[in-house]
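Welcome, and thanks for taking a look at this structure.

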Amino acid sequence: MTRESYASLQQKIEKEIQKLKKQAEALKAKQRTPVIKDIVRKMREYDITPDDITKAFSKIKETGKRAPHVSNGKSRGVVPPKYRHPETGATWTGRGKAPRWISNAESQGHSRETFLIKPNNQ
């Protein structure tokens, strides 16, 4: 491949990339419009000002944390571990998908109950 053909091919690719970037920006703008309208509608409905949003956004930026998920007015707390691997000390709460060390042990015929953390073992 000659240098000129490589350069022209690279130029064509760059143009295509720019074209796709513009299409992506247009699509994003198109998708954002109804979301922004919904936000403005809800701000009016709940009498929320742009200053309220700025203050809330600043708090998130400062702490690096988002507001905790709230369900029925109560925040969800941290769940203590229910299972512990005896060798590595790895723990699992028993919620969600079982970690690999539990799955592997079960596939080898071990019972999940053998990994239960006993109250005096915490």
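A residue counts as exposed when its relative accessible area is over 50%, and as buried when that area is under 20%. Asp47 has a relative accessibility of 66%, so Asp47 counts as exposed. Please keep in mind that this is a predicted model. The protein has three helices and four strands, and buried residues make up 9% of its 122 residues.

**Overall layout**

- Starting at the N terminus, the elements follow the order α-α-β-β-β-β-α.
- The accessible surface of the protein is about 11,300 Å², and carbon and sulfur atoms account for 53% of that surface.
- Taking contacts between residues at least 6 apart in sequence, 29% join residues at least 24 apart.

**The loop with Asp47**

- Exposed Asp47 sits in the loop between helix H1 (3-45) and helix H2 (50-63).
- Asp47 has a positive phi, near 55 degrees, and is a residue other than glycine.
- As background, most residues other than glycine have a negative phi.

- Helix H3 covers residues 100-107, and Trp101, Ile102 and Ala105 are buried in it.
- Viewed down the axis of H3, these buried residues fall within an arc of 100 degrees, so they line one face of the helix.
- What do the buried residues of H3 pack against? They pack against strand S3 (83-84) and strand S4 (91-92).
- After H3 comes Gly109, which has a positive phi, near 95 degrees.

**The nonpolar core**

- The largest nonpolar core has seven residues in all: Tyr83, Trp92, Ala98, Trp101, Ile102, Ala105 and Phe115.
- H3 gives the largest share of this core, with three residues.
- Phe115, one of the core residues, touches Lys82, Tyr83, Arg84, His85, Pro86, Trp101, Ile102 and Ala105, leaving aside residues up to four places away in sequence.

**Aromatic pairs**

- How many aromatic pairs are there? The count comes to two.
- Tyr83 and Trp92 make a stacked pair, 5.3 Å centre to centre and with 25 degrees between the planes.
- Tyr83 is buried at a relative accessible area of 7%, and Trp92 is buried at 9%.
- Trp101 and Phe115 make an edge-to-face pair, 5.4 Å centre to centre and with 75 degrees between the planes.
- Trp101 lies in helix H3 while Phe115 lies in the segment after H3, so the pair ties together parts that are 14 residues apart in sequence.
- Both Trp101 and Phe115 are buried.

- Is His85 buried or exposed? His85 is buried, because its relative accessible area is 14% and the limit for buried is under 20%.
- His85 has its place in the loop between S3 and S4.
- Not counting residues up to four places away in sequence, His85 touches Ala90, Trp101 and Phe115.

Notes. Residues numbered from 1 in each chain as written. Predicted model: local features only at pLDDT ≥ 70, side-chain atom pairs only at ≥ 80, totals over all residues. Heavy atoms only, no water. Buried < 20%, exposed > 50% of the residue type's maximum accessible area, 1.4 Å probe, protein only. Helix = DSSP H or I, 4+ residues; strand = E, 2+ residues; numbered from the N terminus. Arc of directions from axis to C-beta. Contact = heavy atoms within 4.5 Å. Areas by Shrake-Rupley, 256 points an atom, 1.4 Å probe, with all protein chains shown as cover. Phe/Tyr/Trp six-rings, centres within 6.5 Å; stacked < 30°, edge-to-face > 60°. Core = buried A, V, L, I, M, F, W, Y, C linked by side-chain atoms within 4.5 Å.
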